[in-house]
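Let's take a walk through this structure together. Have the sequence and the 3D view ready, and follow along as we go.

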Amino acid sequence: MLELNYDGIVIGAGPAGIAAAIRAKELGLKVVLIENRDLLGGIPLQCVHPGFGLHYFREDLTGTEFIYRLFDKMDKVGVEYLLKSHVHSIEFIAHNEKIVNVITPKGVLSLKAKTLIYTAGARERHMFEINIAGDRPAGIYTAGEAQILMDMYGIIPGKEIVIVGSGDIGLIMARRFALEGAKVKAVIELMYYPGGLIRNVVQCLQDYNIPLYLSHAVTRVVGKKRVEKVVVAKVDEKLRPIKETEFEIPCDTVVLAAGLIPNLDMLEKIGLLADPYTRGPIVNEFLETNIPGVFVAGNALVINDLVDYVVEQGELAAEGARYFLENDGIPTMDWKPVVKGRNIRFVVPHYVSGRRDVTFYARVQYPEKNVIVTIPEVGWRMKMFNVRPAEMVRVKLSKRLLDGASSAEKISIEVAPSE
Amino acid sequence: MEKEPDVGWGCSKANTAIIHPGHEEEPDVHPLRARLCKEGNTLWRQWARELDIPVKWPGELMVFFDGEEKTAKKYIKLAKLNKIPGVRVVYRDELLQMDSSIGPSALGAIYAPTAGMISPFEAVIAVVENAVDNGVRLLTEANVREVKVVDKRVRGVETTRGFIEADIIINAAGLYSDKVSRMAGVNSGFTVRPRRGEYFLFDENVKVKPKKILHTTPTPITKGVYAITTVHGNLMIGPTAEDLPIDAKDESSTSEKGLEYLWKESEKLLKELPPRTKVIRTFAGLRPEPPEGHWRIEAHDDPWGFVNAAGIRSPGFASAPAIAYYVLNLIKDKYSVNLAKKKRWNPYRSDIVRVKGRPLQEVDELIRKNPEYGEIVCCCKTVSKAEVVKAIERMKKIGVKTVTIDGIKFRTRAGLGMCQGSFCRWRVALLISQYVGVSLHEVVVKNDTYGIGEVKVLLNQ
Ligand SMILES: Cc1cc2nc3c(=O)[nH]c(=O)nc-3n(C[C@H](O)[C@H](O)[C@H](O)COP(=O)(O)OP(=O)(O)OC[C@H]3O[C@@H](n4cnc5c(N)ncnc54)[C@H](O)[C@@H]3O)c2cc1C
Ligand SMILES: Cc1cc2nc3c(=O)[nH]c(=O)nc-3n(C[C@H](O)[C@H](O)[C@H](O)COP(=O)(O)OP(=O)(O)OC[C@H]3O[C@@H](n4cnc5c(N)ncnc54)[C@H](O)[C@@H]3O)c2cc1C
């Protein structure tokens with residue numbers, strides 16, 4: 001039978017949520033994992049390509065394999081979960097009491113918990129957010145949608161494909177279509193550099209002769225019943241399309257891989273503060289948000305390129321929840337703000353105490369070669385041959401290192417040229 | 001007879017959906033528009049109630065800025081002539097009290113308390129469901145290509161679904177009503193031009209939410225831009241007004257220029273605009289513009305039995321129920337048809353019972369009766385499997401031949417939210433596939449299929 005009082009409720013059963021639930025259970029918390037779909041696993045379920053788990057399992061797995069490894073762990077510790085259960089709303093009652101309203105086929109449940117771990121992932125940007133005008137016929141898909149159709153339900157959307165966005169998702173989908181015999185006409189990228197890993201540019205585009213247009217944008221979709229073509233233009237330094245450079249690419253399918261946005265609606269309704277750069281929440285080193293006892297991990301926190309980091313964040317959030325329970329709230333500390341320095345677009349977490357190990361996740365603003373990533377307050381530096389927005393910079397600082405900065409008022413992270 | 005796979009996909013789908021009070025019509029230039037708009041405004045109140053159509057009646061403010069007051073005041077005079085109740089000028093202080101989202105440079109407004117707003121596609125669906133319930137037969141995907149006339153009388157229509165016999169034909173083909181009119185050999189010079197109107201639709205969770213229907217004062221150059229909170233709670237801004245070539249009747253694309261213009265106009269009208277990232281959709285509709293803006297509503301002698309309700313441009317939606325009665329009377333008088341009231345006439349129709357907007361206690365009771373209410377398919381709009389299944393059943397019931405994803409979207413709102421369907425479109429498609437018995441790739445989005453075949457289909461070619 002379902003118990004109505006929990007130490008923690010985990011919302012969303014992708015890798016972040018599953019990892020959080022496992023860790024919470026291992027730490028002795030009474031937790032339940034809630035998932036909207038009729039199966040656990042989230043996005044990796046639909047990823048039949050490799051590239052998952054190199055850090056976490058030290059093996060190169062497909063998304064599906066990765067998730068099944070997590071299922072094994074889950075079975076071992078015995079995590080309680082609910083499927084086909086949609087978290088409808090969250091009510092904040094007190095720092096140690098929240099109500100989670102869940103719509104399930106058995107009725108509406110109002111579950112109570114001291115802490116929440118929110119791992120509901122991200123949504124994909126659609127054509128209306130990236131200023132694509134024109135027609136709205138059949139044949140336009142987001143990358144995730146196309147992936148679900150192909151790799152979970154075995155149908156192919158179209159045969160002449162234009163992909164918008166060269167992040168890893170766009171690149172992987174380009175190859176995926178090519179492998180099934182579709183003609184991938186182009187990958188269009190707004191920025192002057194590819195959004196994904198160089199490895200993927202080579203293995204997904206070059207190996208299949210798929211053209212990549214950098215500094216270009218799709219400005220219009222044309223087609224009555226189905227997509228017939230797209231209009232593409234070069235963009236200027238301010239990323240505005242240059243009219244005179246417009247040209248057309250005939251195609252029957254447009255796949256949008258133009259980025260993900262953390263799915264936070266439900267938390268914003270109860271006063272969550274978000275970071276305009278990550279579009280995820282502002283968090284401390286436990287991944288706790290400004291709402292006491294609400295922790296966020298995975299793509300709902302920050303868009304990750306590696307599932308390994310997602311899992312790590314899920315586990316950290318669970319540890320945060322335990323610390324919260326032990327102390328009836330995360331004790332007030334003199335939080336030091338984490339400050340973005342040169343060539344840093346964002347960094348998570350936003351506040352640290354300096355009293356325990358911390359892992360920073362950061363992205364640079366633009367690609368740069370031969371640099372040193374530094375955290376001057378603790379004297380930490382790392383030489384890097386290459387930094388690119390596509391690759392998250394992950395920095396782990398030990399408590400010992402941070403002790404050296406106990407009088408500093410902030411912790412900053414920056415990228416500097418290496419001479 | 002409807003050429004599209006579903007009802008309400010013409011002009012009636014993409015418009016501002018204002019139930020105008022009738023104070024913007026010049027009675028000496030457009031007497032019919034003036035009269036039927038006012039009557040329509042009254043009738044929609046009853047129809048919306050009887051047919052369970054989402055509607056609200058907030059009243060409207062035609063906001064004027066420096067130099068526009070005189071033009072705006074013309075509408076007070078028109079209101080008097082047309083006997084529209086309650087229309088008056090309000091000045092700044094009262095204006096901002098009525099709606100605090102208005103921009104600071106506004107001087108005042110013409111307030112028309114009887115203006116309302118409706119969900120246009122749901123209204124069409126509701127009316128058709130009720131019509132079918134009362135004995136009307138609907139044929140979709142039936143494109144009328146020829147009007148058959150013998151001995152100066154209409155005999156029927158040739159369509160993509162065969163010949164349909166009829167002794168009275170009503171032409172209400174919107175943008176194509178000139179074409180149909182020509183098929184019957186009447187008003188050969190009559191043309192309906194497409195005039196495009198583009199819109200921005202924002203997410204529900206933006207701060208800017210006009211309480212009233214706001215719009216700018218029409219000038220010789222602009223027709224006035226509206227900023228409204230739709231019946232479903234989204235901020236909507238539009239339309240533009242741009243005449244297109246006569247043959248561009250399926251040109252419902254949006255343009256960079258039009259959208260830019262809207263953004264500028266609404267920056268003046270509203271105190272602040274939400275960030276562009278909160279736009280969830282842009283779209284365009286085509287107004288069916290007849291010559292001089294005159295509706296063609298006539299029952300013809302030659303051929304006998306051919307009735308035009310053609311070139312129904314704005315305020316066509318607001319007036320629609322009144323136009324219907326007007327046409328009915330024309331037929332009665334002109335053709336001496338003896339109309340008897342149906343014995344089992346049912347004036348009521350109820351909407352699909354939805355999860356969204358319902359107290360959770362009631363949702364719980366719904367689920368206990370039907371567990372499919374407990375399976376949420378569209379997270380943005382909280383649409384359950386039960387609602388999708390009911391929409392499919394209702395489409396079949398009115399005679400829709402192809403159940404489309406768009407048809408489900410307009411009936412359930414699945415896919416109309418923030419993510420625009422990237423999470424739920426495939427789930428809706430799976431349900432259609434299962435309940436209609438077609439394979440997933442054959443499910444139709446709007447006018448074409450969702451996929452082209454099984455994954456290996458291209459390699460097998
Ligand atoms: C196309 C693609 C390719 C990728 N390739 C790689 C790769 O090669 N290597 C790699 O390491 N990573 C890759 N990733 C990234 C990785 O998959 C993601 O970072 C990871 O899945 C994020 O996990 P998550 O748990 O945060 O979110 P998700 O996996 O998105 O899970 C969120 C879960 O929450 C559920 N949910 C949402 N809202 C609610 C609600 N209201 N109630 C209940 N449940 C809810 C959802 O149904 C979902 O199951 C790829 C991602 C994509 C999209
Ligand atoms: C941008 C814009 C804003 C507007 N704002 C408002 C407003 O705020 N208030 C208001 O009152 N009005 C407004 N209008 C006007 C209103 O939308 C129209 O007056 C009204 O929808 C016209 O309805 P209709 O039934 O005549 O045409 P339609 O809704 O177009 O219906 C005609 C139907 O006939 C079908 N058809 C056409 N040819 C054939 C054929 N050969 N065979 C079979 N079927 C055929 C079409 O597919 C269509 O479904 C606006 C219009 C636009 C475009």
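Which backbone N or O atom lies 3.5 Å from an oxygen atom of ligand 2? The one we want belongs to Arg313(B). Before going further, some ground rules: this is a predicted model, where local features need pLDDT of at least 70 and side-chain atom pairs count only at pLDDT 80 or more, while totals for chains, interfaces and linings use all residues. Residues are numbered from 1 along each chain as its sequence is written, chains are lettered from A and ligands numbered from 1 in the order in which they are written, and side-chain values use heavy atoms, with hydrogens and water left out.

Let's stay with ligand 2 for a moment. On its own, ligand 2 has 1,000 Å² of accessible area, and the protein covers 90% of that. Such areas come from the Shrake-Rupley method with a 1.4 Å probe, and for residues only the protein chains shown count as cover. Two or more residues of the shell come from each of β11 (193–202), β16 (279–289) and α7 (316–334) of chain B. Helices (H or I, at least four residues) and strands (E, at least two) are DSSP runs, numbered from the N terminus.

There are 32 residues around ligand 2, and those that come nearest are Glu2(B), Cys11(B), Ser12(B), Ile312(B) and Ala318(B). A residue counts as near if one of its heavy atoms lies within 4 Å of the molecule or strand in question. Sorted by class, the shell has 16 nonpolar, eleven polar and five charged residues. For these classes, Ala, Val, Leu, Ile, Met, Phe, Trp, Tyr, Cys and Pro are nonpolar, Asp, Glu, Lys and Arg are charged, and the others, Gly among them, are polar.

Now hop over to ligand 1. It has 33 residues around it, with Glu35(A), Ile43(A), Gly51(A), Asn299(A) and Val307(A) coming nearest. Glu35(A) also puts a side-chain N or O atom 2.5 Å from an oxygen of the ligand. A polar backbone atom of Ala16(A) is 2.9 Å from a ligand oxygen, and a polar side-chain atom of His49(A) is 3.0 Å from a ligand nitrogen. The classes split into 16 nonpolar, 14 polar and three charged.

Next, look at where the two chains meet. Counting contact as heavy atoms within 4.5 Å, 52 residues of chain A and 56 residues of chain B take part. The chains bury about 4,700 Å² between them, 56% of it on carbon and sulfur atoms. Buried area here is the accessible area (1.4 Å probe) that two parts lose on being put together, summed over both. In chain A, Phe128(A), Arg136(A) and Glu180(A) lose the most area to chain B, together 14% of what that side buries.

Side chains of opposite charge can pair when their charged atoms come close. A salt bridge puts a side-chain nitrogen of Lys or Arg within 4 Å of a carboxyl oxygen of Asp or Glu, and there are five between chain A and chain B. One of them pairs Lys84(A) with Glu375(B), with the closest N and O atoms 3.5 Å apart. Another salt bridge links Glu145(A) and Arg425(B) at 2.7 Å. Glu145(A) lies in helix α3 of chain A and Arg425(B) in helix α11 (residues 425–437) of chain B, so this pair joins two chains.

Most residues other than glycine have a negative phi, and most peptide bonds are trans. The bond from Ser314(B) to Pro315(B), however, is cis, with omega near 0 degrees. Pro315(B) is in the loop between β18 (304–310) and α7 of chain B.

Technical notes. A polar contact is a pair of N or O atoms within 3.5 Å; within protein, one must be able to donate a hydrogen and the other to accept it, and residues adjacent in sequence count only if both atoms are side-chain atoms.
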